Structure formats: structure tokens, C-alpha cells
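Open the model in your viewer and get ready to select side chains. This tour visits aromatic rings and the charges over them.

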Amino acid sequence: MEIDQKLFVKLKSSLPPELFERSEAKFLLSVFRGCALWAAAAYVAAKFIPASLGWWALPLWLAYAVVNGTFGFGIWVLAHECGHGSFSKHHVLNDLLGYPLHTFLLVPYFSWQYSHSIHHSRTNHLTEGESFVPVPFGHEQEKMKNGWRRIIGDDAFSLAHNLIFVTVGWPLYLLYGSSGSPLHGTTNHFVPGENNKLFPKSWWSKIWASTAGIVVLLAILLYLSQGYGYGRIAGLYWGPYLVTNVWLVVYTYLHHTDDNAPHYDSTTWNFTKGALCTIERNYPDFINWLHFGIGNTHVVHHLFSQLPHYNALRARQILEPKFKELYRVDKRPVWQAMHETATRCLSVKEDPNRKGEWWYTSASSLPKSE
């Protein structure tokens with residue numbers, strides 16, 4: 001089957017038109033649910049984890065961070081949907097809701113909205129993609145990682161690799177463009193300028209608006225820390241914040257990195273090919289519920305980014321059986337996928353039999369021709 005614009009039209013026409021309709025009321029109910037869970041967890045922690053315990057309370061704060069950081073990623077998903085225009089047909093309403101939701105999580109809303117739009121419009125493009133863009137075999141980064149892998153072994157390398165990814169991957173991307181398109185060089189999501197090739201000049205005012213929101217929130221957190229104690233605010237806000245970022249990196253990495261999904265260079269890439277390289281992963285049902293299905297409807301999301309989350313599962317149920325040979329689903333547990341991907345997906349090579357297709361070098365076999 002030829003993967004091209006005609007196939008995209010066929011995919012879209014397979015879905016009932018009502019799935020693309022946006023209901024502001026339904027979306028706001030999701031926002032209420034996500035925010036209520038976060039606020040309730042924070043209230044319980046503030047009320048029932050006594051300051052008098054000191055360091056003895058650390059296990060309680062860690063447990064709270066995992067729970068509320070997981071809740072927080074649900075808010076993250078909804079803010080991200082606003083950036084896609086999935087909340088409302090009115091652009092200003094999407095921004096009025098998405099900006100405070102993302103700013104609360106220290107995400108520069110407009111900056112990330114722009115860079116994320118490139119991620120969607122250039123998914124699995126070898127050089128123009130904008131998240132977890134692979135390096136070619138023989139690249140210095142690949143040599144270094146493989147060198148460490150040989151020294152410490154696959155298991156230790158996978159553990160170290162993933163710990164580094166989930167802890168510093170997100171801030172390194174925002175500050176320096178780490179894992180972004182090599183065509184943009186070093187980028188920054190907070191300070192636009194002539195040397196920051198990611199953002200066009202027409203977006204500079206929006207970038208500054210995003211940064212202003214972050215500065216205001218940091219000032220509020222500093223004020224609260226001075227009043228209630230730095231440790232208290234660190235426990236209530238910064239712990240969950242870090243866990244939310246872990247979820248973000250896990251999702252972005254796993255849905256677009258797999259040794260059975262190729263990247264395409266400019267000679268063969270098109271939007272439909274790239275979107276269909278997205279992989280559904282096997283998250284527990286309660287995680288899919290908390291995160292509004294972003295983990296089990298990610299292929300749908302990349303095909304039709306404005307389709308709202310409350311209709312995405314129905315869209316998958318229609319598309320997956322009808323286009324089963326094209327719809328990628330990984331049924332491994334997420335922890336296993338993270339472990340194996342870390343050692344299998346370090347660099348890509350061009351398939352000598354299929355020019356323009358680049359596969360991770362550890363793939364056990366190349367796919368059959370379509």
C-alpha cells in the first residue's frame with residue numbers, strides 16, 4: 001500500500017465527521033477533573049504530612065510526588081491539546097486556557113506550541129524532526145554511547161541512559177534544543193533572537209510572553225517558599241513537577257523511538273509516512289484514564305492533532321482494524337520497552353535496498369516491502 005496523501009484522505013474519510021467536532025463543555029470537564037485531582041493531592045499532603053517529621057517525612061513526600069506528578073501530566077496533556085486547537089474552534093480561547101495550564105507546569109506555552117507543531121509536521125523526518133531526532137551510525141554521540149554500553153553492559157547502560165533522559169532531557173531541550181533538529185543548532189525556548197533559528201521573528205513577542213509567565217510563576221513560588229518554607233514548597237510543587245517531566249519524556253521518547261519504525265530523509269518523507277511511524281504503547285488502563293488517552297491513541301493524535309482526546313479512542317477502534325498493517329502497536333510493558341529501546345536505538349543507517357529509509361542499526365530485520 002502506497003503511504004501518501006491519498007492514504008491520508010482515506011484514513012480521515014474512515015472516521016465519522018462528528019469525531020472531529022470540539023465540545024468546549026466536555027473539554028472543561030476534563031480540565032476540572034485533572035486540576036481537581038492535583039489540588040486534592042496537594043491539599044492532603046499539606047494537611048497530613050507534618051513539618052515536624054523533618055527528613056523522616058521524605059518517603060511520604062516521594063510517594064506524594066509520584067502520585068501528584070502523575071496527576072499533573074494529565075493537566076500537561078490538556079494544555080498541549082489547547083496548543084493544537086483541540087479545545088475550541090476559536091484560537092483565542094485555546095490560548096486563554098492553554099497558557100495558564102502550561103505556565104503552571106513551567107512550560108513556555110507559545111514557545112513549545114511552535115516547536116511542537118514542527119514535531120507534528122515533520123514526525124520521523126531524519127533531519128527536520130523536532131524531538132528525539134536520531135544520529136547516523138558513526139556519529140560521535142553514537143560512538144560514545146556504544147562505548148559505554150560495551151564497558152558497563154546493556155542493563156547498566158539502559159538504566160543510566162533512561163535516568164539521564166527522564167531527569168534532564170526536558171530542561172536540556174528547552175534550554176539548548178537537545179535532541180531537536182540538527183538544522184536549528186542550539187536553540188532556547190525562553191529567549192528568541194537572530195541566533196535562535198527555531199523561532200521566526202513573527203513569533204518573538206509570543207516567546208517573550210511565554211517567558212514572562214514563567215518568571216511570574218517562579219516569583220510566586222519564591223514568595224510562597226519564603227512564607228511557608230523552602231522545603232514545604234519543594235515537597236508540594238517541585239517534587240510533582242519533576243515526576244510530570246518524567247512522564248513527558250517517557251511518552252515522547254517511546255512513541256517515536258523503536259527499532260521497527262524507520263525515519264525518512266527528504267527524498268522519501270511525507271506527512272502520512274511520518275505520522276504512521278508513531279507507536280502505541282501498553283500503559284495500564286488507569287494511566288490512560290489519568291492522561292486522557294495520550295498513550296494509547298498517539299497514532300491517531302499524530303494523524304489528526306485537532307481531534308479532541310474524548311473522541312480519540314473511538315477513532316483508534318475504527319482505524320486500527322481497518323489499517324492493521326500500518327497501525328503500529330507495541331504490547332510490551334512500558335518498562336520493558338524503555339529498557340530495550342535504550343540499547344537498541346542509538347543510531348540509524350540507511351537501508352541499502354530502500355533508499356531514503358533509515359533504520360536503527362540494531363533492528364533484527366528490515367520489514368517486508370509494502
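Which residues form one aromatic cluster? Select Phe73, Trp76, Trp112, Trp170, Tyr173, Trp247, Tyr251 and Tyr283: together they form it.

A word on the source. This is a predicted model, where local features need pLDDT of at least 70, side-chain atom pairs count only at pLDDT 80 or more, and totals for chains, interfaces and linings use all residues. Residues are numbered from 1 along each chain as its sequence is written, and side-chain values use heavy atoms, without hydrogens and water.

Now the pairs. Rings of Phe, Tyr and Trp (its six-membered ring) pair if their centres lie within 6.5 Å; planes under 30 degrees apart are stacked, over 60 edge-to-face, the rest tilted. That rule gives 25 aromatic pairs.

Select Phe8 and Phe271. Their pair is edge-to-face, 5.7 Å centre to centre, with 85 degrees between the planes. Phe8 lies in helix α1 (residues 5-13) and Phe271 in helix α10 (residues 271-275), so the pair ties together parts 263 residues apart in sequence. Helices here are DSSP runs (H or I, at least four residues), numbered from the N terminus. Phe8 is buried at 14% relative accessible area; Phe271 is partly exposed at 29%. Buried means under 20%, exposed over 50%, partly exposed in between (1.4 Å probe, protein chains only).

Next, Phe27 and Phe87. This pair is tilted: 5.2 Å centre to centre, 50 degrees between the planes. Phe27 is buried at 0% relative accessibility, and Phe87 is buried at 6%.

Finish with Lys349. It lies over the face of Phe137, 4.2 Å from the ring centre. The cut-offs for a charge over a ring: NZ of Lys or CZ of Arg within 6 Å of the ring centre and within 35 degrees of the ring normal.

Note on methods. Helix = DSSP H or I, 4+ residues; strand = E, 2+ residues; numbered from the N terminus.
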